[in-house]
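Dear colleague,

Please read the notes with the structure open beside them.

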Amino acid sequence: MIKPRARSTKPAEALLAWYDAERRDLPWRARLGKAPDAYRVWLSEIMLQQTTVATVKDRYVAFLSRWPTVDDLARAPLDDVLAQWAGLGYYARARNLHACARAVAESSDGFPQEEEALRRLPGVGPYTAAAIAAIAFDQPCVAVDGNVERVVARLHAIDKPPRQAAPLIREKAAALATPSRAGDSVQALMELGALVCTPKNPDCAACPLSSVCAARRLGAPLDYPARPPKPQKPRRRGAIFILRRGDEALLRRLPPKGLFGGMNAFPSTPLTQDIPAAAFAGFAPCAARWRALEQPLTHVFTHFALEATVFVAQTRAKSAPSDCRWAARDNLDKEGLPTLMRKAAARAGLVDA
């Protein structure tokens, strides 16, 4: 538990005082008194999209060790970037990351400092642009992520879901900023949501804003933010085909756009569609004695849940089917397979689970 301390009566000042004392030492965060590095800030914001800090920390360090500057990343082959990204989800982010690095490297001015200009870079949306502008360049921007939404909704007992209350949440978040420390103000709100004003067990006694928190005064912090009815994710069925030739397995490079775009994968049905089991055979990469493994794989994506039957077969064919290639089993870990495909490979005994 974080120990409470004497607090300023001004919320913005109290928030920064708490942040200065309690902020985490994260690999992308500049130390107190040091200027942030725009490349590190941008890289962390892209990697942290819909991913936890715990998941990203080690991956970020490895990524940065391999490509220490934006110029290094821009010169890297896309295949290497995609392989390094494997397991972080949303491979379109990795392609945009590479494209953005190239765009910045080709500019004589490096990363733009203004929020509007940052939004024109590949893969940089409104939140990311605001976060980079504030954290890297101390621009007076309002960056609202899930942590900020939760803190502000509780602070003001906002009874509408965040999407409906977005303008009000931005207005109230802006009021907590200290103009002379815009970047720290943004990070302080995020940090407060991550460490104290957490979704399930908020530590109100340690919160620097508890004296002005409406949700705490009402005794109902868990009622905020208001939640809209949660729609049930649609369930889809598909199949993955693992064809082996001795110590090799058949891989296919997927189209640049779409699920797992540009990644190496085992041949499969279109995984974003619900394919009836009777139609699976029509998607096999070639004729073979296909055998379905017991218990289909389950994998949950953001917008749907997939049940995938894994089929395996052996062949002695000399050539690979059209648009496919043979990959050595011992090299599968270096192919940057998406998590779903790694699950299938493990189920088929090609890699360790």
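At 39% relative accessibility, R253 counts as partly exposed, where buried means under 20% relative accessible area, exposed over 50%, and partly exposed in between, with a 1.4 Å probe and protein chains only. This is a predicted model, in which local features need pLDDT of at least 70 and side-chain atom pairs count only at pLDDT 80 or more, whereas totals for chains, interfaces and linings use all residues. Residues are numbered from 1 along each chain as its sequence is written, and side-chain values use heavy atoms, with hydrogens and water left out.

The side chain of R253 meets that of D79 in a salt bridge of 3.2 Å, N to O, a salt bridge being a side-chain nitrogen of Lys or Arg within 4 Å of a carboxyl oxygen of Asp or Glu. This pair links distant parts of the chain, with R253 in strand β2 and D79 in helix α5 (residues 78-85), 174 residues apart; helices (H or I, at least four residues) and strands (E, at least two) are DSSP runs, numbered from the N terminus. D79 is also partly exposed, with a relative accessible area of 39%.

A search of the whole structure finds 15 salt bridges. Among them is the one between D333 and R342, whose closest N and O atoms are 2.5 Å apart; D333 counts as exposed at 56% relative accessibility, while R342 is partly exposed at 31%. Another joins the side chains of E116 and R120 at 3.9 Å, N to O, and both of these residues are exposed.

Turning to the rings, the search of the whole structure finds 11 aromatic pairs, counted where the centres of Phe, Tyr or Trp rings (for Trp, the six-membered ring) lie within 6.5 Å, with planes under 30 degrees apart called stacked, over 60 edge-to-face and the rest tilted. One of these is the edge-to-face pair of F241 and W290, at 5.3 Å centre to centre and 75° between the planes. Because F241 lies in strand β1 (residues 235-245) and W290 in the loop between β3 (264-265) and β4 (291-292), the pair ties together parts that are 49 residues apart in sequence. F241 is buried, with a relative accessible area of 2%, whereas W290 is partly exposed at 21%.

F260 and F301 form a tilted pair, 5.9 Å centre to centre with 55° between the planes. F260 lies in the loop between β2 (248-253) and β3, and F301 in the loop between β5 (297-300) and β6 (305-314), so this pair ties together parts that are 41 residues apart in sequence. Both are buried, F260 with a relative accessible area of 9% and F301 with 13%. Ring pairs link Y91, F260, F301 and F304 into a cluster, and the charged end of R236 sits over the ring of F304, 4.5 Å from its centre (the criterion is NZ of Lys or CZ of Arg within 6 Å of the ring centre and within 35 degrees of the ring normal).

With regards
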